[in-house]
Amino acid sequence: MIDGIINMLQNHWFWGFLTLACLIWYSTVTIYVAIKGASDIRNMLRRLSGAKE
Amino acid sequence: MNNFTFVDGSIVGLYLLVTMVAGVMVRKYVGKVEDFLVAGREMNLYLGIASLAATEFGIVTCMYTAQNGFDKGFAGAIPGVLTFLAMFLVGYTGFCVKPLRDSGVITIPELFEKKFGPRIRWASGVVIVLGGLLNMGVFLRTGGDFLVNISGMNPDYLEEMMTLLLIGVAVYTILGGMLSVLVTDYLQFIMMSTGMIVVTFLILDQVGWSTLVNTVQTHHGEGGFNPLKNKTMGWSYVIFNALLNTAAVLTWQTQISRVLAAKDTATGRKVYTGTSFFFVARFLIPGIWGIAALAVLTPDQIDGNSLLAMPKMLGLIVPAGLMGLLVAAMLAADMSTDSSYMLTWGSVIYNDIMAPFRKSKWPEKKGLLWNRAIIAVIGVFLLIYGLWYKLEGDLWTYLGITGTIYLSSMSVLLIACCYWKRANSWGAGAAIVFGALLPIATLTLQKIGPYTDWFKKNDTVCGVAVYVIVALAMIIGSLLKPQFQKGVRTF
C-alpha cells in the first residue's frame with residue numbers, strides 16, 4: 001500500500017497526487033455527506049411538515 | 001453474462017426497491033409549487049452536495065470521461081480540473097450566483113425578465129429547454145449500452161430495461177418533485193460513490209499505477225500528461241473548455257437549481273465550493289478506467305470503438321458480487337441524472353415558457369398538476385426520442401451543438417444582467433440569436449463548403465469564437481438601443 005502510494009507520487013507526481021487526492025477526498029466526503037445528509041433530510045422534512053400545519 | 005450473478009441481481013433489485021420507496025414516500029410533503037420545484041428552499045449544505053454530485057454524474061458522463069482517458073490519457077481529465085476551478089471561484093466569490101439567489105427566482109429566465117423584459121424571458125426559456133432536452137435525449141440509450149456491455153446482457157432487451165427504469169424514475173419525480181429528487185439523490189450519491197471508489201481501488205490493485213502510466217506514455221507520449229503538448233488538445237482546447245465549463249457552472253439549470261433550492265445564499269455558495277473538487281474526480285476516476293481499458297484490452301476486443309472499451313474492460317475484471325455494486329452504482333448515477341434533468345427542464349417550461357399564459361397567479365393545485373403533467377410529457381419525449389429513435393451521426397457533435405446553443409448566450413446574459421447597467425433587451429436578443437446560430441453554422445461548415453477540413457481541425461477555436469462573438473453581440477446590441485430618461489431620449 002505504502003509502496004503503491006510512493007510509486008504514484010514518484011511516477012508522474014502531478015497525476016499521481018491528483019488521483020490520490022481524489023480518492024482520499026471522495027472517500028471522506030462520501031462518509032461525511034452520508035451522515036450529515038441524513039440529518040439534513042430529517043430537518044428539511046420536519047420544517048416542511050411544520051409549514052404545512 | 002460476464003460476472004453478473006444472482007447475488008449481483010439481488011443487490012441491484014434491493015437498491016432499486018429502496019430508492020423507489022423513498023422517492024414515493026416524500027410526496028406527502030409537497031403542498032405548493034415551490035415545494036415541488038425547489039423543495040420549499042429548505043435544502044441544506046450536505047444534502048445539496050450529495051444532490052449536485054449525483055445529478056452531474058450519469059452513465060453518459062462516465063462513458064465520455066472514460067473515452068477521454070482512453071483517447072487522450074491523463075490530459076483528458078483537464079476539463080474536470082477547469083470545472084473545479086470555475087465552480088470553486090464562483091462559489092467562493094458569489095459571482096452571479098449571489099445576485100441570482102438573492103433575487104428569489106426559481107429559474108434563470110425569471111431573473112432575465114426583471115432586466116430584459118418578458119420576451120427575453122420567454123426566448124431564454126425556449127433556448128434552455130431546447131438545448132437541455134435535446135442534450136438529455138441521448139442519455140437513455142447510452143446508459144443502456146453501458147449496462148449491456150458491462151453485464152453481458154442480451155442487447156435485445158435494452159429498450160425494455162431502460163423503459164422500465166425511466167418509468168420508475170418518472171413516477172417518483174412526478175409525485176414528489178424536487179423533494180423526491182433530493183432524497184433519492186442522497187441515496188444514489190452514496191451508492192454511486194461507494195461503487196466508483198471500490199472499483200477504482202480494484203483497478204489500481206489489478207492493473208497497477210506503473211502500467212497505467214506506461215500505457216499512456218506508449219500510446220500518447222508527453223501529450224498524454226500535458227494537454228498543451230497533446231496534438232488533439234492545445235491552448236484552444238483548454239481555453240474553450242474553461243469557457244464552456246464556467247458557462248455551465250453559471251447557467252446549466254440542473255447545477256444552478258441547487259443554488260436556488262438552498263435555504264439561503266450562503267448555503268448555495270457553500271454547496272458550490274463543497275462540491276467543486278468532485279468535478280476533478282468526475283473526470284479523473286472514469287479517465288483512469290478508460291486508461292485501464294487501453295492497458296488491458298486487445299485491439300480485437302476494442303474493435304475500433306473507444307466509447308465501449310471501458311464497460312468491456314469492467315465486465316472482464318470486476319468479480320461477481322462487486323459487479324452488482326457497480327451496476328447499482330451506475331444505475332444510481334443514471335437515475336439521479338434523469339430525475340433531476342426532467343424536473344429542472346420541466347420547471348423552465350412551467351415557470352418561463354408558460355408564463356405568458358398565466359395572467360394571474362394559478363391555484364397551487366393547478367400549478368402542481370401542470371408541473372406533473374409536463375414531467376410526464378418530458379418522460380414520453382425521452383422514451384420516443386432517446387430510446388426508440390436511433391440517432392444518426394456522431395454523439396460528440398450532437399452534445400456539442402445542443403450544449404453550446406444554450407450555454408454561450410445564457411452565460412453572457414446572466415453576467416450582463418447581474419453586472420452591466422447598460423445591458424438591455426436588444427443586446428440580450430442579439431446574444432440569443434448569435435448563440436443559437438453560430439454553433440449550427442460551424443457544424444454545417446464542418447460538413448459542407450470549401451473549408452470543411454479547417455473547421456474540423458479548429459473546432460475548439462470556433463468554440464472560443466462563439467463565446468467572444470456572443471459577448472460582442474450583447475455589447476453592441478445594448479449600445480445601439482436608444483436610452484430613455486424621464487421621457488427624454490438620450491444616446
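The model is predicted, and in it local features need pLDDT of at least 70 and side-chain atom pairs count only at pLDDT 80 or more, while totals for chains, interfaces and linings use all residues. Residues are numbered from 1 along each chain as its sequence is written, and chains are lettered from A and ligands numbered from 1 in the order in which they are written.

**Entry: a helix pair in chain B**

I looked up helix α5 (residues 78-93) and helix α12 (residues 234-251) of chain B, whose axes come within 9 Å and cross at roughly 45 degrees; axes are lines fitted to C-alpha atoms, for helices over the stretch in contact, and angles run from 0 to 180 degrees between N-to-C directions. α5(B) and α12(B) are therefore oblique to each other. I then listed the residues in contact (C-beta atoms, placed from the backbone, within 7 Å): B:Ile78, B:Leu82 and B:Val90 are among those in α5(B), and B:Val238, B:Asn245 and B:Leu250 are among those that they meet in α12(B). By class, this contact has 10 nonpolar, 4 polar and no charged residues, where Ala, Val, Leu, Ile, Met, Phe, Trp, Tyr, Cys and Pro count as nonpolar, Asp, Glu, Lys and Arg as charged, and the others, Gly among them, as polar.

**Entry: B:Cys96**

I found B:Cys96 in the loop between α5 and α6 (97-102) of chain B, and its phi is near 70 degrees, a positive value in a residue other than glycine. Most residues other than glycine have a negative phi. B:Cys96 is buried, with 23 other C-beta atoms within 10 Å; buried requires 20 or more such atoms, exposed 12 or fewer, and partly exposed lies in between, with C-beta atoms placed from the backbone.

**Entry: chain B as a whole**

I noted 23 helices and 2 strands in chain B, which are DSSP runs numbered from the N terminus (helices H or I, at least four residues; strands E, at least two). Of the 491 residues of chain B, 57% count as buried, and the C-alpha atoms fill a box of roughly 75 × 55 × 40 Å, taken along the principal axes.

**Entry: where chain A touches chain B**

I looked up the two sides and found 29 residues of chain A in contact with 32 residues of chain B. The largest share of the side of chain A, 24 residues, comes from α2(A). By class, that side of chain A has 14 nonpolar, 11 polar and 4 charged residues.

Conventions. Parallel < 35°, antiparallel > 145°, perpendicular 65-115°, else oblique.
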